[in-house]
Structures are given as structure tokens and as C-alpha cells.
Amino acid sequence: MPARKKTAANSIERHLDAIIEGDCIEAMKSLPDACVDLVFADPPYNLQLGQGELTRPDNSRVDGVDDDWDKFSSFKAYDDFTRDWLAEARRILKPDGAIWVIGSYHNIFRVGTAVQDTGFWILNDVVWRKSNPMPNFRGTRLTNAHETLIWAAKDQKSKYTFNYRALKTANDDLQMRSDWEFAICSGGERIKDEKGAKTHPTQKPESLLYRVLIASTKPGDIVLDPFFGSGTTGAAAKYLGRHFIGVERDKTYIAAAKKRIARVKPLGDDDLKTQPSPKAAPRVPFGQVVETKLIKPGAKLYSPRGNHEAKVRADGSLYVKDGETEIQGSIHKVGAAVQNAQACNGWTYWHYEEKTGRKPIDFLRDKIRKKMTG
């Protein structure tokens, strides 16, 4: 058994930060079970164009997706392909791993069904809103200004990585929403060949992958991209101190990706540190806030709108008297009771008085945590 484990480890280590040339399904089959932390997949869209060459009003040709790798004989053929690669992706994911799949309206609904049928547990769908989408030149439909990403855990019990606090900090201390705005890949970021033509027709902006990796991986994690293309996932992973494994069968794409990734300078370990998740922070009960005299017994706490007041007691419980009604208990229990709610986060609901105004008692918990960690 130990020898087998060593073989599996060697099998994955030799592929780290490298590109496997070949078919994505066969390449994943060569990898051991439960060996990667995240899969990011940008599979063929199966555009089903079938309407001749697309031109702009000035009769110039639109450089769309007409490559052989995006052509399937039928929806069934595409569905079979999707289920096969998803099954392998799920097998190689660690128990607490996750997957992101991006697509357009042509394929994402079929992919979403396959994601669920394969056993993944969908966490969110994210809309990537393009700030500079390609117009609908024929004027026969709405401008297609977005793509959809599906984020799913390996299964319902997976303790997937979600760096909530890091995303909230990046979003000016507002909870990150599921609609993201980025420009499509253009200008100097677009990888081009010697003649100035786009190397890959569906190259994604690196900023999109940056957010995905910050959101759902940790430094040192292994990210696999089975449709590596021009290497956006690899470039973002290297920059952010993650390992990548790419799978690609097109030699031109592989050459462009290798050249691109070689130019990336990784961030230093200290620069990679992000805001820790609240779940990872040391537990601090409200009683400890009282014991350290950051809030003293007898002090008043206030609801966000000031319509409820509670008095702090020596054991860290709260007491509220409203007419003939008396309520006492934890900051959470009393907060829920005064609102007639089933639950309440007392740390953010109750506020204390300071010279500069009222602040959530969560500020006091943070003071204790900072002392505990450093």
C-alpha cells in the first residue's frame, strides 16, 4: 500500500505546472483519484453556427469560433462528451474539491444538467457581464453580453474552499454578488500569432480567473484545466502561487501557453496573504468581551436603528425589559427575540456607544482576536 501511494504522488507531481498534450478525458484518466483541489473548465461551446460566414456591416469578416474542436455531430454527442469529461473531473477532485465551468447560452444549460447528474453539488451560478461585448451584427437578436459560470462542490458534503472575507474586502467591504463585470479579452492581453491574428478564439480575461482562484483556492492548491487553450488558468495560477495542470491537444495553443506562462512572475508569499475567513478565526464568546472589560456589565447595547436596547450582565448575557415582557439570554437569542425572528447574528446586530458613534460589537471581538493571533 505505501508503494502505491508513492506512485500516485509521483504521478501527480510530474504534471505540476505543466501541460499534458492530448485528449482531456484520456489525460485525466492517467491521473490518480482525488489529486486536485479545483477544476476550471472552459469546454467547447458547440455553437452550431451553420449559417455561413458572419460579417460586419462593412463586410469585414467576424473572427468567430469555427474550429473543429467546437463541432459535434449532435446534441447527444455533445452530451456524451460532457458527461465523460465531468465524470473524470469529479474522480480526480479531492473530497473537498470544487469545479467551475463556464459557457454561453449555446451549451451551459446542457452542461448544468450534466454537472448535477454526475454528482456535483451546485453552489452558485455566476453571470460574467461583458463590459464590451461583440454586437449582434445582423440585428436579429439581443447583443449577447454575458456568459455563465457554474460553481459546484464535488458533492453535498464537501467542505469546499470559499474565501468569503477576501472577496468582501476586494469589493470595498460589500458582500460579493453573483454578477461580475469584466471586459472581454482584448488589446495587449490578447495572445496573437506572428500575423496578428488571435491565437485562441475564446481566450478569457485573466482578471476573471484571478477572482475565481482568490475565491475558491488557497496558495499551493492544485488547479486543473482540461481545456487549457492559450493558458489563462496557468498564468493566473502561477501569479497567485497555485499549481496548475493543463490539458490541451492543439500544439499551437500549447506553444502559446508555455511562452505566456514563462513570462509570469509569481507574487511573494507575504503578498499572497488574504483576509482570513471568519470560520478560520479563533472562537470568541461574548462573555470574553465582558471579562476583558471591553464592555462592562451594566452597559447598554442598541439595535441598528436604535429601536431596541439591551443591558449587559456580568456573565455576558443580555437583558431586555419591554413593558411587561422580560427577555434574557445570549446576544443571539435576545437579538432574535426582539425582532420576532428565528435567528440573529448578535455580533452584527448589537451596537455599543463610542465617542465617534455606535459600532457593532463585532469590532470588540476583532480586537480580542488580533491579540490572540499576534
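**Exercise 1. Which residue forms a salt bridge with Lys 29, and how far apart are the closest N and O atoms?**

Ground rules come before the solution. The model is predicted: local features need pLDDT of at least 70, side-chain atom pairs count only at pLDDT 80 or more, and totals for chains, interfaces and linings use all residues. Residues are numbered from 1 along each chain as its sequence is written, and side-chain values use heavy atoms, without hydrogens and water.

Step 1. Apply the criterion: a side-chain nitrogen of Lys or Arg within 4 Å of a carboxyl oxygen of Asp or Glu.
Step 2. The partner is Glu 26, with the closest N and O atoms 3.7 Å apart.
Step 3. Helices are DSSP runs of H or I, at least four residues; strands are runs of E, at least two.
Step 4. Check exposure. Buried is under 20% relative accessible area, exposed over 50%, partly exposed in between (1.4 Å probe, protein chains only). Lys 29 has 48%, so it is partly exposed. Glu 26, at 49%, is also partly exposed.

**Exercise 2. Which parts does the salt bridge between Arg 91 and Asp 33 tie together?**

Step 1. The two side chains meet at 2.6 Å, N to O.
Step 2. Arg 91 lies in helix α3 (residues 75-92) and Asp 33 in the loop between α2 and β2 (36-41), so the bridge ties together parts 58 residues apart in sequence.
Step 3. Arg 91 is partly exposed at 25%. Asp 33 is exposed at 53%.
Step 4. Shared partners join Asp 33, Glu 88 and Arg 91 into one network.

**Exercise 3. Which residues of α8 are buried, and which are exposed?**

Step 1. Check the length. Helix α8 (residues 251-262) has 12 residues; at 1.5 Å a residue it should span 16 Å, and its end C-alpha atoms are 17 Å apart, which agrees. The expected span is 1.5 Å times one less than the number of residues.
Step 2. Tyr 253, Ile 254, Ala 256, Ala 257, Arg 260 and Ile 261 are buried. They cover an arc of only 165° around the axis, which puts them on the same side of α8. The arc is taken over directions from the helix axis to the C-beta atoms.
Step 3. Lys 251, Thr 252, Lys 258, Lys 259 and Ala 262 are exposed on the other side.
Step 4. The cover over the buried residues includes β1 (18-21), α6 (206-216), α7 (232-239) and β8 (243-248). Contact here means heavy atoms within 4.5 Å.
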